[in-house]
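Hi,

Here is the structure for your files. Please open it alongside this note; my findings follow below.

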Amino acid sequence: MAFARIRRLATTALSATALALTSLGAVTATAAPAAADPCGFYETHSDAYYNHCTSDGSRVVIEVRVALAPDYERCVAPGRTWLGSASKIQGAHYVGRTC
């Protein structure tokens with residue numbers, strides 16, 4: 001019986017301390033940072049992109065797959081490259097060489 005009372009008092013004390021710290025701003029919740037663009041091919045609701053993630057400044061050749069049109073190769077620099085409308089671009093991938 002005494003153990004249950006001590007446990008209840010400890011729980012109450014911890015809850016009160018957490019509430020006090022929160023109201024003083026000592027405990028803050030922060031939103032997660034926005035996700036960076038993923039590496040490689042990705043789409044938004046309207047656009048298609050290729051993000052070449054590198055730290056060495058290299059430029060690479062990618063093959064772009066296009067709906068109802070011939071696929072093509074393109075040289076891309078580090079960072080995000082707009083490929084076109086998401087309704088027309090079906091994908092893109094690194095072909096294994098630099099440019």
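Which handedness does the disulfide of Cys75 and Cys99 have, left-handed or right-handed? The torsion about that S-S bond is about 85°, so the disulfide is right-handed. The pair links distant parts of the chain. Cys75 sits in strand E4 (residues 72-76), while Cys99 falls in the segment after strand E6 (89-98). They are 24 residues apart. The sulfur atoms of Cys75 and Cys99 are 1.9 Å from each other.

Keep in mind that this is a predicted model.

In total, the structure has two disulfides. The other bond joins Cys39 to Cys53, with 2.0 Å between the sulfur atoms. Here the torsion about the S-S bond is about -105°, so the Cys39 and Cys53 disulfide is left-handed. Cys39 lies in the loop between helix H1 (2-24) and strand E1 (40-43). Cys53 lies in the loop between strand E2 (47-52) and strand E3 (60-66). The pair therefore ties together parts that are 14 residues apart in sequence.

Next, accessibility. Cys39 counts as exposed, at 54% relative accessibility; the cut-off for exposed is over 50%.

Last, the pairing. With the bonded cysteines of the protein chain numbered in sequence order, it reads 1-2, 3-4.

Best wishes

Key:
Residues numbered from 1 in each chain as written. Predicted model: local features only at pLDDT ≥ 70, side-chain atom pairs only at ≥ 80, totals over all residues. Heavy atoms only, no water. Disulfide = S-S within 2.5 Å. Helix = DSSP H or I, 4+ residues; strand = E, 2+ residues; numbered from the N terminus. Buried < 20%, exposed > 50% of the residue type's maximum accessible area, 1.4 Å probe, protein only.
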